[in-house]
Every structure is written in C-alpha cells, then in structure tokens.
Amino acid sequence: MDAILEHKLGFDKIRDIIAARCLTEYASDRVREEEFSSSEKEVRRRLELTDEMRLILMFEESFPTNGYIDCLGFLKPLEKPSVAIDLLSLRKLKTVLETLRKVIYFFDSVKDGVYPNLKKMSSGVVSFAEISRRIDGILDRYSEVKDTASDELYNIRKSLRDKEGTISKRINIILRRAKEEGIAEDGASVTVRDGKMLIPVSAANKKKIPGFIYDESASGKTAFIEPAEVVELDNEIRELKFAEQREIVRILAEFSDFLRPYLPDLLDAAVFLGELDFLMAKAQTALDFVCGMPIISNNGELSLRKARHPLLERSLKKEGRAIVPMTATLTPQQHILLVSGPNAGGKSVCLKTFGLLQYMFQWGMLIPTSETSELMVFDRIMADI
C-alpha cells in the first residue's frame, strides 16, 4: 500500500531524484529503504540532520563533497583470513580515508552548538592515521605501487629497468648493422608492438635477420621481426614481471593482515560516510527545490504557508511559467477542507501538494514551503484521488 500511496502522491519520483544524487550505492540503497515514520522524535531527528547538511552545503566551502566511495563491498570479505585486498580496492580505501580525515577535521573545527547533530554523529569516528601511513608506504601520489614498497620489489624493478635498457641498446645495434648491410632501409626505426621491440624490414629480407616474425604490414610488404638474441632477454623480462606481480600480491596480503584488527571500526566509518552521502543527496535536493524545515506542531494544528508542489514547479520552470503557492490551515475544530471549482482549476494539484509535502515531511525530507509552516505527525496517510 505504501508503494501505491507514494505513486499516487508522486513521492516515488522524489525518491528517484534523491537517489540520482547519491555518490555511493550505500546511500542509494538508503534512499530506497527509508520509510515513512509516524514517530515525532524520529521525524525531528531526520529533519534536523538534513537541515544541518543543507546549511553546510550552502555556507561551508571546506566540507568535502566528493571522495565518497563504497568500500563495504571489499572490507567485509577481509574478515576472512584467506582474503586479501586488491590494488583497486586499496586505491579506493586511500581516497575514503582522505575524505574521512577531512570530514573529521571539519567537525572538530566547528564550534560547539553548530551542526550539533552531525557533530554528534562524527564524534565516535576515528581517522586511522596509522592505516593511511601504511598505505602511503605502498602507493605513490598517483596511486601506483612504489618501488620502495618492499626491498624485494625494489630489486625486481631495478632488474627490469636494467634488462629493458639492455634490450633497447641491443636492438639498436642490430638495426644499425641491418642498415649497413642493406637489409633494413636507412629511414627504418625500432617499432614497439604489444610491448615488444621489433625491427621493420622488407618481406624479401625477412629471413636475413635471425629471429621471429611477430607481425606484418597490411600490404604484406613489411615484416616486423623480433631478433633471436633479444627473445631470451624478453623472456627474462616476462619472468621478472611475473615476479613483480607476485611480490605486489604478497605486499597486499601482508597489508590485509595488518588491516584486519581495524575492520570493525573501518566498517563503522564506511557506514558513517555512506550516511553523510545520503544526507547530502537529500540536502542538495532540498536546495534544488528551495525547501526549508517546517515547525513540528504539538497542538494538533496543520498550517502550510506558501506551499509549492516541487515536481509541478520544476515542470513549469522548464516552460518558463511560475507556480502559484498555496496556503491553508487545519485545526482539531476545523479538520476538513472542502475544495470546489471548475475542471482544471487545481483541485487535484491542491490535494497532491498537501499529501506529498506531508509524506516528504514524515519521510524526513525538507519541504518547499515557508519555514513558518507547521506540520503535525500523523499515524498514516490515506489518499483517494
């Protein structure tokens, strides 16, 4: 029934708009899963968090609004000792920790009483300085594995560079000799294909250089040869690259063992950043719709002032037209409002505006009305349109 009601009121479209602003799958799932609440305390909590985030997005340039990445998917499996983090996930973790550090610094810097609910949310989250230090020892500023990530990796990469230099020198000597003997043209130069250094010669001379024909031109007139004396060096390079990958896997496995004791706190931090992403999506949508936080009524009165249907207003703006805001009050004594008028006079829009804004409010979303509007928390909403 909730899905039918949301469709009737248009709240399903509001969900889609908010979900589209989420940076993480966690936040997008939160948008889908968050339900209408009939608890005044819960509605107030949701509204205050969203309103504080709205103010942050409006006025705080130092608050990080990017770098929010899903990491629960690769952190949870690490609870098993047999699982190790991969290089892409390590890069993501580096970004997440940088974002987390900026967020914590921001809330630690603001004065007490400013953004109190969000500051309370961040109070138990730590910045994991030691993990960041270990990652910095593995990844460089371009998020590539450093030569110095281990002594073994340093030695392997040094050998790689030496071998590659030897191949380059050797193949240039062979090419120069081939030119002198008239096997290769004077203007020929070493060609690199699929990482291999090759010598281009005419098809008629391709058997005059000992080696393997690696490729031919589309016309078949030119053959690209890998000299035999270079093949052995190339095989040695391939073996070194395999050794390099094995060492990187070992480094990542060692880092994973180091990381495991921190996982419970890291998972909490990932959820925290996901919640912030969820709140930012709500707050940015509120800014787009020019929404504010209404007063929660405690005397049984409902008073909407200058209420606007957000979806209709967006549609009218595209046509260069302005929406007509609505104002109405319901009280315990006058709790029924009868609206009459001609066809296409706005009766259904009036119904849907009041129903949608009430639903948004009890879902925890700021609403497009004057902030002097007062809404009470209902147990349920019925719509027959």
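**View 1. Aromatic pairs across the model.** Searching the whole structure turns up ten aromatic pairs. Here, a pair means that ring centres of Phe, Tyr or Trp (its six-membered ring) lie within 6.5 Å; planes under 30 degrees apart are called stacked, over 60 edge-to-face, and the rest tilted. One of the ten joins phenylalanine 258 and tyrosine 262, a tilted pair at 5.4 Å centre to centre with 55 degrees between the planes. Phenylalanine 258 is buried at 16% relative accessible area, while tyrosine 262 is partly exposed at 27%. For these labels, buried means under 20% relative accessible area, exposed over 50%, and partly exposed in between (1.4 Å probe, protein chains only).

A note for every view: this is a predicted model, in which local features need pLDDT of at least 70 and side-chain atom pairs count only at pLDDT 80 or more, while totals for chains, interfaces and linings use all residues. Residues are numbered from 1 along each chain as its sequence is written, and side-chain values use heavy atoms, leaving out hydrogens and water.

**View 2. Phenylalanine 278 meets tryptophan 363.** The ring centres of phenylalanine 278 and tryptophan 363 sit 6.3 Å apart with planes at 80 degrees, so this pair is edge-to-face. Phenylalanine 278 belongs to helix H11 (residues 263-288) and tryptophan 363 to helix H13, so the pair ties together parts 85 residues apart in sequence. Helices are DSSP runs (H or I, at least four residues), numbered from the N terminus.

**View 3. Glutamate 34 in its loop.** Look for glutamate 34 in the loop between H3 and helix H4 (40-59). Despite the charged side chain, glutamate 34 is buried, with 8% relative accessible area. Setting aside neighbours within four places in sequence, glutamate 34 is in contact with Arg15, Arg46, Phe278 and Trp363. Contact means heavy atoms within 4.5 Å.

**View 4. The buried side of helix H3.** In helix H3 (residues 25-33), the buried residues are Tyr26, Ala27, Ser28, Arg30 and Val31. They pack against helix H2 (11-20), helix H5 (72-75), H11 and H13.

**View 5. Helix H1 on helix H13.** Helix H1 (residues 2-9) packs on helix H13 (residues 347-363) at about 130 degrees, with the axes 9 Å apart. Axes are lines fitted to C-alpha atoms over the stretch in contact, and angles run from 0 to 180 degrees between N-to-C directions. H1 and H13 are therefore oblique; under 35 degrees would be roughly parallel, over 145 roughly antiparallel and 65 to 115 roughly perpendicular, with the rest oblique. The crossing is left-handed, that is, the near helix is turned anticlockwise from the far one by less than a right angle (clockwise would be right-handed). On the H1 side the contact uses Asp2, Leu5, Glu6, Lys8 and Leu9, and on the H13 side Lys352, Gly355, Leu356 and Tyr359. These residues split into four nonpolar, one polar and four charged. Nonpolar covers Ala, Val, Leu, Ile, Met, Phe, Trp, Tyr, Cys and Pro; charged covers Asp, Glu, Lys and Arg; the others, Gly among them, are polar.

**View 6. Helix H6 on helix H8.** Helix H6 (residues 87-109) and helix H8 (residues 129-138) pack at about 135 degrees, axes 10 Å apart, so H6 is oblique to H8. Their crossing is left-handed.

Definitions and conventions. Helices (H or I, at least four residues) and strands (E, at least two) are DSSP runs, numbered from the N terminus.
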